[in-house]
Each structure stands twice: as structure tokens, then as C-alpha cells.
Amino acid sequence: MAFGVDFLIYMQTATGEYTKIAGQRGGTFTRERETIDASSKDNYGWQDNEYGMASWSIEGDGVLVEDDEAYLALEEAFHNRTDLLVRFQTASGVQYEGKAIVTDLSIDAPHDDLATYSLTLQGRGAYEKINGNGGGVEG
């Protein structure tokens, strides 16, 4: 059994090291694949599909720590329209790493609660899956 608290989002910062984003609460690693309609009259009224283009993304949210090194790297990448190297790590140590762009970086600042952030990182190209034992597998 895995608990969500053990799934973490990291990004490579100016030091070249992967740094966990401070204050994380939620995180989602999404893999999607488009479909190509391959239907014809030979399918007798049934739709037929083929695999199309694949994509991946990471979404997250948490308590805002404005001076966090990873958060500052997110802001810089968004502002300068540059890529980030990002990692989504599971409870067992499996890591999904790849190049991504920041497509959403929001701050919510309610009157009577903590300020929070939310982010969306859209993958560029394929990700790499690195097993918990360090062995790499292409995604």
C-alpha cells in the first residue's frame, strides 16, 4: 500500500541538483495517448482505433514558501519561457524524469488561511522511468 504523502515533485535548480518543492500537498503524474480513428466499413459499425501521440504532465499544489529554491526555479522558468528538468517520485522510489515547461503557476491568497500555490508542468518529449533500484527504462 502506498500513501500519497510519499509521492514527491522535484525540479533541477540552478545548483544542478534535484530539489523537492517545499510545502507540497498534492501531486499528479499524468500520461495520456491520443487515438487515431482507424474505422472503416470493414468494422461493421464498430469503431477501431490506433495509438496516436503520447504526452505527460505533472500537476501539484501546496503551501506557498516564497523563498524556496525549487519554487523560485519555477517562477524563473515561467517568466523566461525556459524548460525545467523535473521528477515525480513514487513511494517505492520509482522516478519519472523529463524536460517540461511551466504552463500554470498560480497563487491563492485567502484572507483567513495560508497562501498556496498550484502548478502544471507539461512534458516536452518522452520522460524516462528510473526504477527504485536505479535502473533506467524509457517511458
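Two rings of Phe, Tyr or Trp are said to pair if their centres lie within 6.5 Å. In this predicted model, such ring pairs link Phe7, Phe29, Trp56, Phe88, Tyr96 and Tyr127 into a cluster.

**Fold and overall form**

- The protein chain contains one helix and eight strands.
- Along the sequence, these elements follow the pattern β-β-β-β-α-β-β-β-β.
- The radius of gyration is 18 Å, well over the 14 Å that the globule rule gives for 139 residues, so the protein chain is more spread out than a compact globule.
- The C-alpha trace spans about 60 × 40 × 35 Å along its principal axes.

**Burial, contacts and surface**

- Of the 139 residues in the protein chain, 32% count as buried.
- When contacts between residues at least 6 apart in sequence are considered, 58% of them join residues at least 24 apart.
- The accessible surface of the protein chain comes to about 9100 Å², and carbon and sulfur atoms account for 47% of this area.

**Charges**

- The protein chain carries 10 positive and 24 negative charges.

- Phe29 belongs to strand 3 (residues 24-37) and Trp56 to strand 4 (residues 49-63), so the pair ties together parts that are 27 residues apart in sequence.
- Buried means under 20% relative accessible area; Phe29 therefore counts as buried at 14% relative accessibility.
- Trp56 is also buried, because its relative accessible area is 3%.

**The pair of Tyr71 and Tyr117**

- Tyr71 and Tyr117 form another tilted aromatic pair, with 6.1 Å from centre to centre and 50 degrees between the planes.
- Tyr71 lies in helix 1 (residues 69-80), whereas Tyr117 lies in strand 7 (residues 116-130).
- This pair links distant parts of the chain, as Tyr71 and Tyr117 are 46 residues apart.
- Both Tyr71 and Tyr117 are buried.

Notes:
Residues are numbered from 1 along each chain as its sequence is written. This is a predicted model: local features need pLDDT of at least 70, side-chain atom pairs count only at pLDDT 80 or more; totals for chains, interfaces and linings use all residues. Side-chain values use heavy atoms; hydrogens and water are left out. Helices (H or I, at least four residues) and strands (E, at least two) are DSSP runs, numbered from the N terminus. The radius of gyration is taken over C-alpha atoms; the globule rule is 2.2 Å times the number of residues to the power 0.38. Buried means under 20% relative accessible area, exposed over 50%, partly exposed in between (1.4 Å probe, protein chains only). Contact means heavy atoms within 4.5 Å. Accessible areas come from the Shrake-Rupley method with a 1.4 Å probe; for residues, only the protein chains shown count as cover. Lys and Arg count as positive and Asp and Glu as negative; His and the chain ends are not counted. The place of a charge is taken as NZ of Lys, CZ of Arg, CG of Asp or CD of Glu. Rings of Phe, Tyr and Trp (its six-membered ring) pair if their centres lie within 6.5 Å; planes under 30 degrees apart count as stacked, over 60 as edge-to-face and the rest as tilted.
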